[in-house]
Amino acid sequence: MEILKVENLNKHFYTPADFWVLKNLSFNVEKGKLTSITGKSGSGKSTLLYLLSTMDTEFEGSIKINGNEIKGQGNKWLSNFRNNNIEFIFQFHYLLPDFSVLDNVMLPAVKQGKYSKEEIENKAMDLLGLLDVKGQSQKRASLLSGGQQQRVAIARALVNEPTLIIGNEPTENLDTNNTCIVLDLFKELTVEKRLYHPDCYP
C-alpha cells in the first residue's frame, strides 16, 4: 500500500529570480518503509520535505498522502490533516524545557483529545520505555542530555501514531555516538512499532 505518492512534482522560487528547484520529480513510498532523502546542500531536500509536510502547497504536480490529494486543499483542511496524520522530528528537539519529559510526550495527544489522560500517559510511558528514557519521565526536559532529549522528541512524534513521520536532519546537532544511537533507534522502532516491514529495510 502506498502511503506517499508524488507525481511530476515541480517547484519554482520566483524571487530574487526564477529558480526551478524541483523538476518533474516522481516517487512512491510504501506504507511502513523507512526512506531517506540525500543530496548536496542546496539540492532541494528541505524544500521537498516542506512540500511533503503540506506546509507549502505552491507547486505543480501531485502529492498524495494516504490517498489524499494535497494540491488545492484549503488551510483549514490542511491544518486538520496535519494534526491527524503528520508528525515532525527536527534538528533541534523543541521540547518545553520547564515541562517534565512525560508532559512533553503527552502534549500532542492531549491536544488532539482522542484518548483519556490515563490512556495517553500509559502510551507515553510505553514509548519512553521503548526509547530507554522511561527513568527520566519526571525530570524537567532541560536536565536531559542532547541524545536523551532527541529520544524524547521521537517519542513525542510517535504518541499520536501518525500516518507519516518526517525527519529533517534529526541527528544534525548530535555527536557521532548519539547520532548512531538515534539512527539505530529508528531502525528498531520500525520493527517494534511495525512502522515498516523488515524485508523493506536493507
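The following legends describe close-up views of one predicted protein model.

**Notes for all views.** Residues are numbered from 1 along each chain as its sequence is written, and side-chain values use heavy atoms, with hydrogens and water left out. Because the model is predicted, local features need pLDDT of at least 70 and side-chain atom pairs count only at pLDDT 80 or more, while totals for chains, interfaces and linings use all residues.

Figure 1. Helices (H or I, at least four residues) and strands (E, at least two) are DSSP runs, numbered from the N terminus. From that end, the order of the elements is β-β-α-β-β-α-β-α-α-α-β-α. The radius of gyration, taken over C-alpha atoms, is 18 Å, close to the 17 Å that the globule rule gives for 202 residues, so the chain is as compact as a globular protein of that length. The globule rule is 2.2 Å times the number of residues to the power 0.38. The C-alpha trace spans about 50 × 40 × 40 Å along its principal axes. Of the 202 residues, 40% count as buried; buried means under 20% relative accessible area, exposed over 50%, and partly exposed in between (1.4 Å probe, protein chains only).

**Figure 2. A salt bridge joins D56 and K11.** A salt bridge is a side-chain nitrogen of Lys or Arg within 4 Å of a carboxyl oxygen of Asp or Glu. Here the closest N and O atoms are 2.9 Å apart. The pair links distant parts of the chain, 45 residues apart: D56 belongs to the loop between α1 (45–52) and β3 (60–65), and K11 to strand β1 (residues 2–13). D56 is buried, at 13% relative accessible area, and K11 is buried as well, at 5%. A search of the whole structure finds five salt bridges.

**Figure 3. K123 and E161 meet through their side chains in a salt bridge.** The N to O distance is 3.9 Å. K123 lies in helix α4 (residues 117–130), whereas E161 lies in the loop between α5 (146–158) and β6 (164–167), 38 residues apart. K123 counts as partly exposed, with 21% relative accessibility, and E161 counts as exposed, with 54%.

**Figure 4. D132 and R151 form a salt bridge with an N to O distance of 4.0 Å.** This pair also connects distant parts of the chain, with D132 in the loop between α4 and α5 and R151 in helix α5, 19 residues apart.

Figure 5. H12 is buried, and its relative accessible area is 17%. Contact means heavy atoms within 4.5 Å. When residues up to four places away in sequence are not counted, H12 touches D18, F19, W20 and E60.

**Figure 6. The charged side chains of the chain comprise 23 positive and 24 negative ones.** Lys and Arg count as positive and Asp and Glu as negative; His and the chain ends are not counted. The place of a charge is taken as NZ of Lys, CZ of Arg, CG of Asp or CD of Glu. The centres of the two sets lie 2 Å apart.
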